[in-house]
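Dear colleague,

I am passing on to you the structure that we spoke about, and below it I have written what was found in it. Please keep it open while you read, and take your time over each part.

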Amino acid sequence: MSDPVVIIGAGPAGLACAERLAQGGRAVVVIDDNAQAGGQYFRQLPPGYTVGANAPLLRDKARFDRLARVLALPNVTYRPSSTVWGSPGDMTIAYAGPSGSGRVRATAVVIAGGAQDQPFPFTGWTLPGVISAGGALNMVKAHGLVPEGRVMVVGNGPLVLVAAATLVTAGADVIGVVEAQPGARLAGALATSVWAAPKLLRTAIDYRRRIARSGAWFKTGRMIAQATGRDAVERAAIAPVGGDGRPRIDAQTWSEVDTLVLGYGIVPSTDIARMMGCQTAFDRSLNGVVPLRSPALATSVPNVYAVGDGAGIGGVEVALVEGRMAANAILGIEGEAALARQYRKLDLFRRKLNIAYARSETLSAADAGTIVCRCEELTLGDLRKDANFSCGDVDRLKKSSRIGMGRCQGRNCLPALAKMLDLPPDGYATLPRARPPLKPIQLRHLAADADAGPAHEPDEALIHNRETS
Ligand SMILES: Cc1cc2nc3c(=O)[nH]c(=O)nc-3n(C[C@H](O)[C@H](O)[C@H](O)COP(=O)(O)OP(=O)(O)OC[C@H]3O[C@@H](n4cnc5c(N)ncnc54)[C@H](O)[C@@H]3O)c2cc1C
């Protein structure tokens, strides 16, 4: 029997891909590090929780249930709670977790690893009570937890609306919502493309209505300036965005808060693609560094595909369609006109949306004393003193300063740092290579990997890739 197709990620993109491949008769292995499938958008309450007053939060539950049926099919092996940590050989994926560890050889690999919150350092951002928009959404959706007291949501991008509306619906006391992009600029930039995604526009209007009905104020063209508190956040200051992308402290206003939710964008998670040697490039319309892909969503490494938010921020609908397109490519199905039409529209709209929210100047509220790398406790001042700060090469700065060498392996700090350094688009090529283990794993899980041997350097894949491209 031939090797299976390995799908990394059981979010919308991974599940849609698995469904189509399984229907096409292929053996599929789906690996995901969460206990339950669904990824970010379809994140589920733990088994045993019932849908109560927060039912509107789970309005896509039926859609998820239909999609997740694929995981029970006989030709699908589903490995929940399993972290993909390496690629120790040609088309080989290594995973580890409490439900089993091992390696699997694949005929094709589909990377559907999703996105991550973009951290936004400023004075006070490490105080307890300051959380990311993605973290807030996960708390509500996966645990039924709603922050107590006064909540303020600040940021730049569509997730600000999503987080605020979700928190309001879940019963949080949201006092205010702050978006950095002026409303008029957003409306102007999107006016010519709303025809491509009218359903998404209706959803956005519904979110705004829910926020307005809750009594929360909504301000645009402003950003977080600083937050203070003794043992946890107590006050937050917002200010108009200055011409240099920094808050205008002379015009800042303070509010009493118990929770501050930060949503300064999400960025594609490219660690798996970079580890496998896929060529990447910076694309502003996709919100960051992304794997280069063919129209069939194949990366530069033969038989490796990248889909969903991990290949460019686009949201759930783009993720679903891309999952199906990659499956078609693997199955050799060509010319599904309706799917191609749907993708053209959604792709156009998400690119316009990402550009509409992007500010021409880099937003920053960090000062010399602000911690940028939480794992290594490095401030912006520490980094500025480093001889490599202005060299434009994040990899060199990492080696001399230790930024990105802690537990998160740079997943959190390096995208934020790259923005602060104002790298030119080709400067993103200097992001350090992702090395195994990609994420922290327990040694006892690794020890359970019967095939464990020396992991080969990802460099080999990269060199091979360069030579054959
Ligand atoms: C934190 C966060 C919260 C979000 N919440 C919402 C929301 O509430 N509403 C909304 O409309 N959009 C939300 N989004 C946007 C969301 O990314 C998309 O709408 C959609 O979920 C993208 O689907 P996807 O399949 O590409 O990725 P995801 O849904 O992110 O799925 C990717 C999956 O891959 C898994 N994975 C990643 N790396 C590994 C690894 N090394 N090993 C094993 N598994 C791995 C992840 O744990 C995840 O389950 C959120 C984004 C983020 C980053």
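In which sense do strand β18 (residues 280-283) and strand β19 (residues 288-291) pair, and over how many bridges? They pair in the antiparallel sense, over four bridges, where two strands are said to pair if DSSP finds at least two bridges between them. One of these bridges joins F282 to its partner V289 in β19. The hairpin of β18 and β19 has four residues between the strands, and N287 takes a positive phi near 75 degrees there.

Before going further, please note that this is a predicted model, in which local features need pLDDT of at least 70 and side-chain atom pairs count only at pLDDT 80 or more, while totals for chains, interfaces and linings use all residues. Residues are numbered from 1 along each chain as its sequence is written. Helices (H or I, at least four residues) and strands (E, at least two) are DSSP runs, numbered from the N terminus.

There is also an open sheet of three strands, in the order β13-β14-β15, with antiparallel pairing. Because β13 (222-228) and β15 (253-256) stand at the edges, each with a single partner strand, one side of each is left without a neighbour in the sheet. From one strand to the next the twist averages 30 degrees. Between β13 and strand β14 (residues 235-240) the antiparallel pairing runs over six bridges, and M223 has A239 of β14 as its bridge partner.

Turning to the helices, the axes of helix α8 (residues 315-331) and helix α9 (residues 337-357) come within 10 Å and cross at roughly 140 degrees; axes are lines fitted to C-alpha atoms, for helices over the stretch in contact, and angles run from 0 to 180 degrees between N-to-C directions. That angle makes α8 oblique to α9, since angles under 35 degrees count as roughly parallel, over 145 as roughly antiparallel, 65 to 115 as roughly perpendicular and the rest as oblique. Among the residues that make this contact are V318 and V321 of α8 and L339 and L346 of α9, where two residues are in contact if their C-beta atoms, placed from the backbone, lie within 7 Å. The residues of this contact divide into six nonpolar, two polar and four charged (Ala, Val, Leu, Ile, Met, Phe, Trp, Tyr, Cys and Pro count as nonpolar, Asp, Glu, Lys and Arg as charged, and the others, Gly among them, as polar).

Helix α5 (residues 183-190) also packs on α9, at an angle of about 155 degrees and with the axes 9 Å apart, which makes α5 roughly antiparallel to α9. L186, A189 and L190 of α5 meet K352, L353, I355 and A356 of α9, and by class this contact has six nonpolar, no polar and one charged residues.

Finally, the domain assignment of the protein chain gives domain 1 (5-116 + 267-356), domain 2 (119-264) and domain 3 (371-421), with bounds that come from an automatic or database domain assignment. The C-alpha centres of domain 2 and domain 3 lie 26 Å apart, and their contact takes four residues from domain 2 and six residues from domain 3. On the side of domain 2 that touches domain 3 there are three nonpolar, one polar and no charged residues.
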